[in-house]
Every structure is written in structure tokens, then in C-alpha cells.
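Let's take a walk through this structure together, one neighbourhood at a time. Keep the sequence and the model open as you read.

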Amino acid sequence: MSLARKHVTALLVAGALTAALPGCASGTPGAPGTSSAASAGDGETPKLSGTVTVFAAASLKATFTQLASDFEAKNPSTKVTLNFAGSSDLVTQITQGAPADVFASADTKNMAKLTNGKLIDGDPVNFATNVLEIAVPPSNPASISAFADLAEPGVKVVVCAPQVPCGAATDTVEKATGTTLTPVSEESSVTDVLGKVTSGEADAGLVYVTDVKTAGDKVKGIPFAESDKAVNTYPIATIGTSKNKELAKAFITAVTGGEGKKVLTDAGFGTP
């Protein structure tokens, strides 16, 4: 090869190397040959993982059990742990330090206790409403047909305790109608009231429309017009001490989104 050709070849090689250097530099913020976007999963949303503990009102048992199952199916690396009880009992547990990530209340009053106590992260979201209905055994032994019938002598009626949302709603209806009930038992959750009726221990119980629907043929539901005097609104929120707020917020999104609303409305809940 002539001296001139060698010189030209050398220049071409040098130029090619120089042109390649910027490309190498721009691709090395992380590992060699890996861009920042690729390191972040090429822009994909990170997969959810871990456990989220949900404290929910007893009247949400059927719907939240289904929603939790659906959530886990869509996010295989997650686990939803559910704790159901009366809303006031759940507030007490959370206030005393129980490890919860999400709280879903059957009324705004109990949620406000946590909000006022600075135990909630962000603002609660209202996601459903519910109203009372009279539940009686299928044979309706006391011939109940109206709310006023519950005050008749000899009728064994069971209600929720006053501090429980369904109990507060019952009290509201009593005052609005001028009816005074004399319950044989006051229970700490709406499911306990329903249990007294299905077991035959009560002639009637005041529960939610959704509880009657869930019970199927175990009870007979008696709607009453005065129930619109006490419509309960259900809020949901992330607990401030949650160890997995990202997962907690994702579960709340599932509850308040389109599919969650369908599950709730199919169960008889109203929209806020």
C-alpha cells in the first residue's frame, strides 16, 4: 500500500472512532449499553407487590372479599388481608395502633375520628351509600310490614348499638318518625344483628339493604319509606402509618374505579 493510501485509511479510522465516542457516552449513565428508560422498565408502571391490610365495615364483607380476590388476581405478587367489624370498633383498633393500611367506614362520622386525629393520609374518598331495611325470618312470625310495627309489644327486635353506623341510622329514623323501639339486643355490628334474625333469636332486625340481599333466602326483607331519613355514606382512606402506601392507594383505586363500582352496585349499594 502506498504512503498516501495509508494516510487516507488512518484518517477514515480516526473519524469513525471519533463519531462513535458520543454515542458511547450517551448510553452510559447506568450500566454499559442500558438506557435510563430501560432501567425503569421501558416506561412501564412498576408491578405492585407486598401485603395490604384493609379494615372494613362489616357490611362490606361480601363486596370487599370479592374486590380483594379480583385485586390479587390482577396483581399476583400482592396479598390483601381483610379485617371486618363495626366501624367504631375498627376506629378503636386503629387508634390503639393496630397495623392497618386502608380503612373503609360505613359512615363519615367514624372516619372523621381518624381524620381529626391526624391518622389518615390525604383525604377520604366517598365510594358508596346504604340505607336500612327490616330483616325478618322467612315466615315473618311477628307479621312485620312497616317500621312502626317494630315498636309493637312483644316484638323481639334487634338493632345495632348507637355508636355503630347502623345503630346511629336507626336512632335517626326513630327520631324522624317519632317511633321508640325497645330492642331485646344491641349488637356491635350489622352482621351480628343479621345473625340473630337468621338463627331465630329475633322477630326482626334493622340491617342494611345490602345485608338482606347477601343473606338470600335466609331472611325476608321489608323495605320502609322512612329509611331515606338516614342514608349512610361510606368513605375509604389510606392510614397514615401504612408501610405500603402505594399498594394501599392502588387498592382504593380498585374500589372506587369502574369495576369496583359495579361490584358495589350489584350488591345493592348506592352511589355517593
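**Around helix H7**

What covers the buried residues of H7 includes strands E5, E6, E7 (185-187) and E8 (204-208), along with helices H6 and H8 (209-215). Before going further, a word on the source: this is a predicted model, where local features need pLDDT of at least 70, side-chain atom pairs count only at pLDDT 80 or more, and totals for chains, interfaces and linings use all residues. Residues are numbered from 1 along each chain as its sequence is written, and side-chain values use heavy atoms, with hydrogens and water left out. Helices (H or I, at least four residues) and strands (E, at least two) are DSSP runs, numbered from the N terminus.

Which residues of H7 are buried? In this helix (residues 190-198) they are Val190, Val193, Leu194 and Val197. Here buried means under 20% relative accessible area and exposed means over 50%, with partly exposed in between (1.4 Å probe, protein chains only). Seen down the axis of H7, its buried residues fall within an arc of 95 degrees, so they line one face of the helix. The arc is that of the directions from the helix axis to the C-beta atoms. Just after H7 comes Gly200, with a positive phi of about 85 degrees.

Now turn to helix H5 (residues 108-116), whose buried residues are Asn110, Met111 and Leu114. Viewed down the axis of H5, these buried residues fall within an arc of 100 degrees, so they line one face of the helix. They pack against helices H4 (87-95) and H6 (165-177), and against strands E3 (102-104), E4 and E10 (232-239); contact means heavy atoms within 4.5 Å. On the face of H5 turned away from its buried side you will find the exposed residues Lys109 and Asn116.

Phi of Lys118 is near 60 degrees, a positive value in a residue other than glycine. Lys118 counts as exposed, at 72% relative accessibility. Ser143, in the loop between strand E5 (132-136) and strand E6 (157-160), also deserves a look: Ser143 is not a glycine, yet has a positive phi of about 55 degrees. At 54% relative accessibility, Ser143 counts as exposed.

Pro165 lies in helix H6 and is buried, with a relative accessible area of 3%. Leaving aside neighbours within four places in sequence, Pro165 is in contact with Ser87, Ala106, Asp107, Asn110, Tyr208 and Asn232. Pro165 and Gly86 are 79 residues apart in sequence, and their C-alpha atoms are 7.8 Å apart in space.

Asn130, in strand E4 (residues 120-130), counts as buried at 2% relative accessibility. Not counting residues up to four places away in sequence, Asn130 touches several residues, including Tyr208, Ala230, Asn232 and Phe269. The side chains of Asn130 and Thr210 are joined by a polar contact of 2.8 Å. A polar contact is a pair of N or O atoms within 3.5 Å; within protein, one must be able to donate a hydrogen and the other to accept it, and residues adjacent in sequence count only if both atoms are side-chain atoms.
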